[in-house]
Every structure is written in structure tokens, then in C-alpha cells.
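Here are my notes on the model you sent over, written as numbered points.

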Amino acid sequence: MAEAKATREAFGEALARVGEDARVVALDGDLLKSTYTFLFRERYPERFVECGIAESNMIGVASGLALSGKIPFAASFACFIAGRLETIRMSVGYQEAPVRLVGTHAGVGIGEDGASQMGLEDIAAMRALPNMTVIQPADAVETERAVEFLVEHDGPAYLRVTRQKVPMVNQVDYRYEHGKAVVLREGSDVALLGTGGTVQECLAAADELAGEGVEARVLNVHTLKPIDRGAVLEAARGCDVLVTAEDHFVTGGLGSAVAEVLAEEGVAARLRVLGVESYGQSGQPDELYDHYGISARRIAAAARRDVAG
């Protein structure tokens, strides 16, 4: 098994590789070492645009490049991307510009950087735009495959990646299927649905529950928009309880997307939404995950209560 790696690092490596396509352009908001776009600049400096601390301008430039036939990847911290929603709405969404927005340092998992740097509302913001695809890979290999997919994707897209290292959950020959959640573990008592950095926590929670005789199905929901409606409905019909876990505010993210599917399809299911319910704070990623209720221990506890109830 490959060692743990931050998905932002995997993004930078994959971007440098797909840069062999002369249409690919990288844009950065004065964070190239943090977003790992410096790897692209080292190989293709003539197709790297440093926009400085001006994300609105970066997004506008990316839109112009996209509408001119280029494939722009515009990267910054997730909190700074979401903070420019008006520009994204008009310059990317309304224009149908195939810009690939990349939000790094997502959620409380960034750790010591603290509340001001934690993107916790970005998925909700991006899901609100009618034509925006939203992807949050669980590990390095999934990130690489997602970047490859985005090179050919037709339309606006948002890729959300971690600052912290995350263990691998996929094999090296993993194939990314857009809009298709991955069942990592079968079970019929409870379904644990994770995305990004919480997928590994769901797997660890399933291990803990298995020791108590509780069979947990684990789903990696890497595509948040469009959500895999079939996988959600299958989990609801095959399990007594659904638990979603995400490093994002509880409103507008994975839990909301799952609830929307259940409501629209008229499926009565017990759903527990785990996520961040207040602004973040500084700390170690693992202790913050536990504090905000999205660690393996807290996910297992929530599932245990609902299954017993």
C-alpha cells in the first residue's frame, strides 16, 4: 500500500503531467507552493499565470482562457475560491466557461492554520450553481484520475483537495467513474457515506463497528454534484441507517445532497448528518476531526446509537 499523501500534492503532480497537452494552462493566486502548482510552472512556465493575491481577477482570466479554447486550472485555498462566488457565478457559470477551479486546504483538516483559512462553505456554494460539477477525491490516486477526467470535461468544475495527508483507499489501477460512488465495503446494518478526508474515517469506523457485530457499508462519494442517486437509494433500501460524514458545514454539502435525493424519491430512511456545526479553530487535524464529530470514533458512535435506536 502506498504511503499517505495530501491530495493537493497529488493534484500538483497530476497537473504537471497533463500539462503535456498544450491546451492546459495553470493559474495561481500567490500560493503556488501551497497548491503545488509550482510543479506545473517548473515544466511549462510559458503556460503558468501568477495572478497574485487577486482571486477574482484569476477567475476572470481563467474564464477568458477557457472561452478561447484553453483548459485552465485555477487554484487557491478553498476559502478564497468560495469567497469569490459572485465572480464565479457570472464569469464561469453564466458564461458556461469550462474553468477548472481547484480549492486546496479544505475544511478543519488544515489544522494549525486556523478558522480564517478553513474552507467550510465551499461545497454548498459550488453546488448552488446550476452547471457546476463538484468533485472531492478521497486519496492521491483518485485525485490523479479526477484531474485526468477534468482535462476533457465539458463545463465548469470545482475540485476540492486536502492540505493534510490521507491514507490510500484505492488501488494503483483505480479507474475514476464520474458521478459514481464507490462501495468500499459491503454491509446491511448501516451505510457510512464519506467524501474526501472522511472516507478513511468511515472505513476505520466500520472496522470498529464490525468488532461489535454491526455490518457497515462504506461509500466513497467522490462526486458531490452530480450525486450518485442510485448509490444513495440502494444504500437507503439496503441498510437501516445512513450516516454521512464530511469536513464541511452540515448545510449544503454531502449530507444535504443525500437528504435531497431521499426526499425527492420519497424514501423514508433514518439519516444522520455529521459535519462541522460551528466555525473552525486551530489544532491538529486528527484532534479537530474528533472535536467536530467526524473522526472514526465519533462516526462509529453515531452509527451505534442510530442502529440501536
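1. Cysteines first. The count of disulfides comes to 0. Bear in mind that this is a predicted model. Cys 79 is in no disulfide, and the nearest cysteine sulfur, on Cys 51, sits 17 Å away. The cut-off for a disulfide is 2.5 Å between sulfurs, so the 17 Å from Cys 79 to Cys 51 rules that pair out.

2. Is Cys 79 buried or exposed? Cys 79 counts as buried, because its relative accessibility is 12% and the limit for buried is under 20%.

3. Cys 202 is likewise in no disulfide; for Cys 202 the nearest cysteine sulfur is that of Cys 239, 13 Å away. Cys 202 is buried too, with a relative accessible area of 0%.

4. Now the pocket. The largest one has a volume of about 150 Å³. Which residues line the largest pocket? They are Gln 164, Lys 165, Val 166, Pro 167, Gly 197, Gln 200, Glu 201, Pro 285, Asp 286 and Tyr 289. By type, that lining splits into 4 nonpolar, 3 polar and 3 charged residues.

5. Where does the lining come from? Three elements each supply at least two residues to the largest pocket: strand E8 (165-166), helix H9 (199-210) and helix H12 (285-291). Of the elements, H12 gives the most, with 3 residues. If you're looking at the pocket on screen, those elements are a handy place to start.

6. On to charges. How many salt bridges does the count come to? It comes to 21 salt bridges. I picked out a few to look at one by one.

7. Glu 148 and Arg 17 form a salt bridge, with their closest N and O atoms 2.8 Å apart. This pair links distant parts of the chain: Glu 148 belongs to helix H8 (residues 140-152) and Arg 17 to helix H1 (residues 7-18), and they are 131 residues apart. Glu 148 is partly exposed at 30% relative accessible area, and Arg 17 is also partly exposed, at 31% relative accessibility.

8. Arg 304 and Glu 208 meet through their side chains in another salt bridge, at 2.9 Å from N to O. Here again distant parts of the chain are linked, with Arg 304 in helix H13 (residues 296-308) and Glu 208 in helix H9, 96 residues apart. Arg 304 counts as partly exposed at 30% relative accessibility, and Glu 208 counts as partly exposed at 32%.

9. The side chains of Glu 265 and Arg 229 make a salt bridge at 3.1 Å, N to O. Glu 265 lies in helix H11 (residues 254-265) and Arg 229 in helix H10 (residues 229-238), so this pair ties together parts that are 36 residues apart in sequence. Both partners are partly exposed: Glu 265 has 38% relative accessibility, and Arg 229 has a relative accessible area of 32%.

10. Some salt bridges share partners. Which residues do they join into one network with Arg 17? Glu 144, Arg 145 and Glu 148 are in that network along with Arg 17. The Glu 148 to Arg 17 bridge from point 7 therefore has both of its residues in the network.

11. Last topic, the aromatics: the count comes to 5 aromatic pairs. Phe 77 and Phe 80 are a stacked pair, with 5.6 Å from centre to centre and 0° between the planes. Phe 77 counts as buried at 6% relative accessibility, whereas Phe 80 is partly exposed, with a relative accessible area of 24%.

12. Phe 149 and Tyr 176 also pair up, but tilted: 5.5 Å centre to centre and 50° between the planes. Phe 149 lies in helix H8 and Tyr 176 in the loop between E8 and strand E9 (182-185), so the pair ties together parts that are 27 residues apart in sequence. Phe 149 is partly exposed, with a relative accessible area of 24%, while Tyr 176 counts as buried at 13% relative accessibility.

Notes. Residues are numbered from 1 along each chain as its sequence is written. This is a predicted model: local features need pLDDT of at least 70, side-chain atom pairs count only at pLDDT 80 or more; totals for chains, interfaces and linings use all residues. Side-chain values use heavy atoms; hydrogens and water are left out. Buried means under 20% relative accessible area, exposed over 50%, partly exposed in between (1.4 Å probe, protein chains only). On a 1 Å grid over the protein atoms alone, a cavity is a set of points where a 1.4 Å probe fits but cannot get out, and a pocket is an open set with protein on both sides within 12 Å along at least five of seven lines; lining residues have an atom within 4 Å of a point. Grid points are joined across faces, edges and corners, and a volume is the space filled by probe spheres set on the points. Helices (H or I, at least four residues) and strands (E, at least two) are DSSP runs, numbered from the N terminus. Ala, Val, Leu, Ile, Met, Phe, Trp, Tyr, Cys and Pro count as nonpolar, Asp, Glu, Lys and Arg as charged, and the others, Gly among them, as polar. A salt bridge is a side-chain nitrogen of Lys or Arg within 4 Å of a carboxyl oxygen of Asp or Glu. Rings of Phe, Tyr and Trp (its six-membered ring) pair if their centres lie within 6.5 Å; planes under 30 degrees apart count as stacked, over 60 as edge-to-face and the rest as tilted.
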